[in-house]
Amino acid sequence: MPTNNNDRNTTEIIEDEEIIEDDGQLTGEDLIEEGAFSREIQPLERSLPNNLTILPIFQKPVFPGVPLPMTFSGEDTINAIREAIEKENSYIGLVLARPTGENGDTELHQVGTIFQILRYAPVGQNVLQVIGQGIGRFVKQKALYVKPHIKWEVEYRHNLNAKPSPEMKAYLLAISSELKELLKLNPLFKEQINLVVSQLNYEAPGLTMDVISTLLTADSDRLQELLETFDLFDRANLLLRLIKEEVEVAKIQQKIQTEIDTQVNKQQKEFFLRQQLSAIKKELGIEKEESETEIDKVEKKLEGKKLSEEAQKVVDEELEKLKTLNAQSPEFAVTRNYIELIADLPWGVFSDDNKDLKKARQVLDHDHYGLKDVKALILEFLAAVIKRGSIGGSIICLVGPPGVGKTSIGQSIADALGRKFFRFSVGGMRDEAEIKGHRRTYIGAMPGKLIQALKRVAVSNPVIMLDEIDKIGVSYQGDPASALLEVLDPAQNASFLDHYLDIPYDLSKVLFVTTANQLDTIPEPLLDRMEVIRLSGYILEEKVQIAKQYLIPRQLKEHGFKEKDIKFSDDAIALIADKYAREAGVRNLEKQIRKIVRKATMKSAEEGQKTFTINAKDIEAYLGKPVFTTEKLYPEPIAGVVLGLAYTAFGGATLYIEAASISKKGGGLKLTGQLGNVMQESAEIAYSYIRSLLSTQEPPITFFDDNAVHLHVPAGATPKDGPSAGVTMALALYSLATNRPIKDGLAMTGELTLTGKVLPIGGVKEKTIAARRVGIQELIFPIDNKKDFEELPDYIREGLKVHFADYFQDVLQVAYGKRNGKK
C-alpha cells in the first residue's frame, strides 16, 4: 500500500544496542544471555489474530524467531502500538516498505512478520522503545483501512513440523560450514555466529534459517525475498547463496584491508628508519636541522653577489631572523622566499654590449625589410648608447598601426646590442602593483613585473619591452601609468623601489622600449620621458618584398612545405596585398597567405598534388571575392565632393567630404558622420570662410543666403576627429556653391584658419602611403609640411605630383587652375 515517505512515521531497527529503561527494561544482550534464540515458538494456530495493525519498516525485514529491540516514533504509530498492546495481545505486523519513485513515495510488500511486544518504554515525546520477538510469516489478504493506522486481514504461513530429510540436514551442514568460514574472515560477528552455530537445531530447520538470516548484511530486497520464500528447500538454497556472497565480500574486504595494512606498515617502517637515520647523522654531524639546511641554501645563493650596502644590511637582518624561526612556521616560508628573491636578482651582473654598428645594421636589415628611416634612427640611438657606455636616460617609443613590426623591432634592438630581451604587455593593466609589486604584509604578495623580468633574464641590463602602452588602464586599485613615471624617468629609476623587494634597485642600465598604436591616449608626463619613433606602414611594393622574404617562407615551414613546393608570383602577392590586405601592416597579409597554404595542404593530402604555383588568376579561387575593390566612391568628379587624407591608429586613409544644399532662406549648416568636436569646429570655420570669400567676389555669390548646407563625412559608423580636414571641407563647400567639380585624381589635407591660412598637419608619410595605395597621383599639403615630404624615401615620393599651399587660394589654383578672390 503506497505511503508518503515525507509524512510516514519512522520505524528504526536497532541491532545490538542497549535500550535503557528506568524500571529495569530488558536489553538485546539480556535476551541473548537468556537463550531467547532457542526458546520454543508457540504454534501459529494458537490465538493469533486474523486482523493485524501494520507498521512499515524501512531498513530490512524482521524474521521470525528472533528477539529484537526496536524504536518507533510518530504520534499515530505510538497510538497504534498502544492499541495493539491493549486490545490485540501485543501483536503487530511489521512489513518492509520499498521506494517507488524519486519523490519519496513508498509501498508495502505483501509478506511481513507478526511481532509480539514483550516490553516497552517511552524515551521521549512520541518515541517508544520496545523489545519483542518475531512469531511467524503472514501474507496480506486485504486492507481493512489505512487511517488512523494501517489494518490488514492476513493469512499466516508456518513451517511444517515434519522430520527434516537428509537433504535438509546437508543444507544446514553447508550453511554451518559457510558461517564458520565467515567467522574466520569477519570476527565482528564472532559472538552471534558462535551462538547460532552451537545451537543449530536440525529438528527445526525453518527457525534455524530465520535466525541465521537476521545476521546477514545483504540488501533489504534480497532479505525480503528470503522472507517470502515459504518452501524450506528453496529457502535453504537461497540462504546458502547469500551466505556465500557474504563470504566473498568478506574475502575482498580482507584483501583490501591487508593491502592497506601492508602499505601503512611499510610507510611507518620507512618513517621510523628515516627518523633513526636522521638522528644518527645529526649525532655524527653529517646532517643539520631542516631550517639550517634551508639557511645554508640561501647563503650559498648569496655568495658572490655584489649587493648594495642597503641590500646587504637587509639580508643580514633577515638571515638572523630566519635562524630564530621554526621551519614549520608560516613566517619562516615568507622570510625565506623574500631572501631567495634577493639572492636570485642579478646584482651587479651585466651582459657585454655589442659595439659593432655594422653588425647591428646587419641584424636590423636581416630582420626587417624597408623602414630605412626607422632603422637609421635606431642606429643613431644605439651609436650614442655604445659611445657613452650607458643608456643615458633614453627610452624608445615605437608608434605605428597594428602589424608593422613594432614588437619584432624591439627584439631586433636587443639582438643588435647583444642583450637579453623580455617583453610584457601593459595593455588593460589596471593595478599599479603589477609594476611596483605588492607589500609583503599581504597573503600571496609578489614582486612587480620589472623585478620578475630581471630575475628571469639574470642580467641587470636587458632590453625590456612594455607593449601596448597606449592602452594602459586606470582603476580604484591605482594608476599604472603614474607608476611607470618612476620606471621610465632616468633621474629616478637608478633607485627604483619595488614594494615587495623594499630595497632600491638600479634600473638605469635597462633599455626600455615601448610600443603604441597612437600617442593621444598616453599621458603627457609619460610621453615626455620617451623618444618617439614612428612606423608608418608599408606601401604595396614593400609588402610584396616582405611577403617574399619573410611571410611566405615562414608559412611554408609551419605547414611542412619546402620553398620549391609552393611558388607565388609577384602579381599574385600584389593582388593579395591590394585586394585582400590593404591595411598599413602585414599581419592580415600573412593571414591570407596562411589561408592559401592551408588550402594547398588540404589539396596535397586529398589529391596527392606535390607542387603548386599561385598566380594572380588563382587568388579568387583560394580567397574568394576581393575584400577591397576601391576606396574611390565616385568614377567622375561631382560638385560638392572632395577627397581628403586622414591619419588613424591603423595608418593613413582616404576620406571623402560630401556637401549638399537644401533651399532655405537664411541658410544654415548641418554636420553628420560622427564628427568629433575639433572636426566640427573645422567645418564651421570652413563654412564661415567660404561664405565670406564668395560674398566678396565680383559679382558676389549669395548661394549660402538662400540654401542650407548639409556636410557629411562617410562612413557614418566610424568616429572621426582632428583639424586636418579643414582645407578639404572648405573646397567641398566652394565646389557646391559654385557648382564646379574639382579635377579628378586630387586629394588634400591641411588645417584652415578663418583668414584662409593653411596650417601644417601630422602624419605626412602615412597619408602619402594611403594616397599611393588607392592610386591618387596628385596631392596638396600645407607649405610648412614641405620639409616632411622631402624627407620621405624616394620610393614613396616617386610618381607623385605634390603641391604645397600657403593659403586657400593656392588650393583653388590647383583644383581649378586659377586663383579666386583675395587671400
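1. Strand 12 (residues 463-467) pairs with strand 15 in the parallel sense over four bridges. Strands here are DSSP runs of E with at least two residues, helices are runs of H or I with at least four residues, and both are numbered from the N terminus; two strands pair if DSSP finds at least two bridges between them. Within this pairing, Met 465 stands opposite Val 513, and Leu 466 stands opposite Thr 514.

2. The model is a predicted one, in which local features need pLDDT of at least 70 and side-chain atom pairs count only at pLDDT 80 or more, while totals for chains, interfaces and linings use all residues. Residues are numbered from 1 along each chain as its sequence is written, and side-chain values use heavy atoms, with hydrogens and water left out.

3. Strand 15 also pairs with strand 10 (residues 396-399), in parallel and through four bridges. Here Ile 396 has Val 513 as its bridge partner.

4. These strands belong to an open sheet of five, ordered 11-12-15-10-16, with parallel pairing. Strand 11 (421-425) and strand 16 (531-534) are at the edges; each has a single partner strand, so one side of each lacks a neighbour in the sheet. From one strand to the next, the twist averages 20 degrees.

5. How many of the six residues of strand 15 are buried? Six of the six residues in strand 15 (residues 511-516) are buried, so the strand is largely enclosed by the rest of the structure. Buried means under 20% relative accessible area, exposed over 50%, and partly exposed in between (1.4 Å probe, protein chains only). Leu 511, Val 513 and Thr 515 are buried on one side, and Phe 512, Thr 514 and Ala 516 on the other.

6. Helix 12 (residues 372-388) lies across strands 10, 15 and 16, at about 155 degrees to strand 16. Helix 15 (residues 449-457) lies across strands 11, 12 and 15, at about 150 degrees to strand 11. Axes are lines fitted to C-alpha atoms, for helices over the stretch in contact (heavy atoms within 4.5 Å), and angles run from 0 to 180 degrees between N-to-C directions.

7. A hairpin of four residues joins strand 8 to strand 9.

8. Ile 260 is located in helix 7 (residues 232-284) and is partly exposed, with a relative accessible area of 40%.
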